[in-house]
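These are my notebook entries on one structure. I set down what I looked up, entry by entry.

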Amino acid sequence: MEALFINLAEAFTGWMIRLGLNPAWAESILLLVKWIIVITIITVNIIILIWLERKISAFFQERLGPNRLGPFGIFQTVADAIKLLTKEDIVPSAADKLIFKTAPMFFIVVAVMLYTVIPMGKDMEVINLNIGLLFFISVGSLSTIALLMAGWGSNNKWSLMGAVRSVAQMVSYEIPLAFSLLGVVMITGSLNLQDIVAAQDKWWFIVLQPIAFITYFIAATAELNRGPFDMPEAEQELTGGAYTEYTGMRWALFFLAEYTNLVAVSALMATVFLGGWQGPWLPSWLWIIIKTYAVILVFFWVKWTFPRIRMDHLMSFSWKVLVPVSLGNILLTGAGIYFCRWMGWC
Amino acid sequence: MKGQGLIKGLGITLKHFFQKEITEQYPDVMPELAPRFRGCLRFQFEKCIACGICVNNCPNDVLSFETEKSDKSKKKKLLSYSIDFQYCMFCNLCVEGCPTNCLYFDHDFELSSFEREDIKMIYLRPEGLDEAEDSQAEPEEQEDKEQKQIEAMLKALQKNPQKVLSRLLEGEEDINILSELIQSDQKTAGKIAELMIKDKEKALKVARGFINKEKKNRAQQEMDGGKGGDNDV
Amino acid sequence: MLETDIYTVNVGPIHPSTHGGLHVEAIMDGEIIQDVVVHLGYVHRSVEKIAEGKTYQQFVPYTARLDYLATNLPVLGYCQAVEKLLGIEVPERAEYIRVIMAELSRIASHQIAISATGIDLGATTGLMYGMRDRERIMNIFEMTGGQRLLSSYIRIGGVAADIPDEFIPAVKSLVQDIPRMMEEYNGLMTGNEIWAARMEGVGILAPETAIQYGVTGPNLRASGIAYDLRKAEPYGIYDRFDFDLPLGKRGDSLDRWQVRIDEIGQSGRIIEQALKAMPEGEIKAKVPKVLKPAAGKEVYHRIESAKGELGYYIVSDGSSKPYRLHVRAPSFINLMVLPVICRGGVFQDIITNIATLDPILGESDR
């Protein structure tokens, strides 16, 4: 069971080589297949995730949630997707059409790119990048540009306000986000995510780096634009923020990308702080899925409990609380590492 | 400490997560409605006496009906009764006013329809109702009845003229003048009582005539300096 | 130097957080509000003019459509005004039933205010809990008046029908649960640090400003002024009940919010006392079929509605229809203070301030 997917991949390449293909070509085709599989999994996963969020938020509010289509209403999202696909595609006449149209595509591409480095099991990732963590952070921050494109291209005050807010928010939260991960990097001495997972065979980093975990969780919520930091969207204030003018599938792409980001960030959190794919009895790829979903459930729980924070409080919270705390955490980690070396523990 | 409120909030939502859902399963399970619930307004044709109280009570002109003077019984005959639901605001004033309880609200609350015309409900006179009613009332009795009504009206007029006349006239001054007249003169009272039963419009005309005459008299008297004190008509 | 410009943002008339057809034109300098202009009239139905064409009884259902979230309160005000005009004495039992229904309506209205504030500030779950508790009051209205939202139960001279048997147990269990409900709203929202940060010091309404603008109701009491018509000028039988007036200290959004939650508890106390003291007897005075007040007679009657001081001014010309009817709508007057409390705040404060002022557009536009 453990090496199920790896064996499948090897069998696939072996089959292609036996057909008479150049090994380099076979390797490229395998990469393509991996990509397609990743995208399929993302899409199917999102459909389940949207259903899950609706269902769980309903339970928090003593409602039933979707329950009409299929068992427990699981096909509700499929029906919604079909509805969105068949809706009229409206592009506002005053919009900057090129930017308006490319923004959602850009957003989803950036979101999918995050999956390339996440280890989905032992020796299971699309690319084993030695700067995986850096790649994740830098690509993750690109989604800011997509939101700014959407806000500017829509040529609408609400959209622009939402976009400006989201840029301000994401730039501010980028810093504590990166700083909180630095503590982990200092301990492991590597940016490779597989190394980070391997370093957690005794202690998960949530035990060694609890402050970093909390700051990362808060910063990631802001980075994901999820409640209570859903400032760019802010239905009640900005009537949808950067997405105000989008309809149909373009809007759905934003929605899809947000959930894609959510899964990616949760998976990273599971990888960096919760021991990644490590765990007893079950195969490694099942462990990462379980951990990711546990993190996602906490995200849901937080979103459906808290009110939205105010813009100026949000900024001051980042610069006055999160950045100093995460910097302090780096100091503490450094001191701890030297203390360990001095004592000869590591 | 900061953050306590956040954790308390999380605790509350978590507690509700495991509680039973309270959603009503509406189309599958019909809701339990209170006995007084006002759903759809219904009408029972047989009970209606075409008195028009419901139409007068209705604030929104929802109700209307057509009548015809029956040839045999000289009684008002209801031909059709219509309820225009799109204007109804379910205030219950028509039901409360109805003397025979022929209007009532049932518990059917699914009133939507595809066409605007379908919202309007028209009740037509059921067949076979004519014979049933005709056999009940006979013409001679009808005339007797009218005589009796005139006598009753005359008595009422003499006993409490203000109240009876308020049905006919508007304006306190006019009513007072006419009621004084009636109490002093039998003949006037008899005439007004008869007309009030037989033809209300004519009664109104005659009453106005009496009042104007009286007013002129009074004005004359005032001009004369209050010489003549008696009412002579 | 960067050149900046002042721009306007139109919040409404179609906007998720304006509680109906309210149009607020915000003149912004970046995220800071320079000024706010309130545009009204999107829900104008000419209720006052309609009154001139309807008889006194026919107009009763229309009054419920003014403040539709606190159904029985505007109806009570109108009926008491007409009773004052005609000198009708309402039977004792009817008075007690009216007090219970009025206070239930007040609770229902405040629960809507609480849940709407919840969703306006992003706490969607708060909306659901408020609505869930309000549902029980709606069930009580259904069993007494026959309708859930616009029950038109109170009539001129009393109430439409006697209370059913299941009414008293239902109200009693509701009153018992009120402390639990309040604890839940406070735990989920008031105690929450994010919530407090969004509300504290936002939209401060100074007591002097409140009086100058004629603000009434919970908004005035949140500014620290103990003025409630139930105490200041008791109408009906309100002088017989013992209850407190929750007051605020700062006059900000958090105080307005807290006053509403606390008022739910006080309304519960009034209902408890009314249930205990309710006598048996008639539920409606003898009222003539056609009401004809003397010509030229006029009356002004005011009650403490959930939103503030609700007044009816009726002039009679001796016919069965009022010559002129005017409604002093508290929401309309309370909304006028919105620009004052919004100035200098950030954009999101507009939403908070509208939510905590708790206007109802059906009443303010009439």
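How many bridges join strand β3 of chain B to β5(B)? I counted five bridges between β3 (residues 76–84) of chain B and β5(B), and the two strands run antiparallel. Strands here are DSSP runs of E with at least two residues, helices are runs of H or I with at least four, and both are numbered from the N terminus.

Entry on conventions. I note that this is a predicted model, in which local features need pLDDT of at least 70, side-chain atom pairs count only at pLDDT 80 or more, and totals for chains, interfaces and linings use all residues. Residues are numbered from 1 along each chain as its sequence is written, while chains are lettered from A and ligands numbered from 1 in the order in which they are written.

Entry on the sheet of chain B. I found an open sheet of three strands in the order β2-β3-β5 (chain B), with antiparallel pairing; two strands pair if DSSP finds at least two bridges between them. Its edge strands, β2 (63–69) and β5 (120–124) of chain B, each pair on one side only. From one strand to the next, the twist averages 15°. I also looked up Tyr81(B), which stands opposite Tyr123(B) in β5(B).

Entry on chain B as a whole. I recorded ten helices and five strands in chain B. Of its 233 residues, 18% count as buried, that is, with 20 or more other C-beta atoms within 10 Å of their own, the C-beta atoms being placed from the backbone.

Entry on the domains of chain A. By an automatic or database domain assignment, chain A is divided into domain 1 (1–86) and domain 2 (89–343). Their C-alpha centres lie 21 Å apart. The contact takes 19 residues from domain 1 of chain A and 19 residues from domain 2 of chain A; residues are in contact if their C-beta atoms, placed from the backbone, lie within 7 Å. On the side of domain 1 of chain A that touches domain 2 of chain A, α2(A) gives the most, with twelve residues.

Entry on a helix pair. I saw that the axes of α3 (residues 76–85) and α12 (residues 248–273) of chain A come within 7 Å and cross at roughly 135°. The axes are lines fitted to C-alpha atoms over the stretch in contact, with angles from 0 to 180 degrees between N-to-C directions. Ala81(A), Leu84(A) and Leu85(A) of α3(A) meet Gly248(A), Met249(A) and Ala252(A) of α12(A) in this contact.

Terms used:
Two residues are in contact if their C-beta atoms, placed from the backbone, lie within 7 Å. A residue is buried if 20 or more other C-beta atoms lie within 10 Å of its own, exposed if 12 or fewer, and partly exposed in between; C-beta atoms are placed from the backbone.
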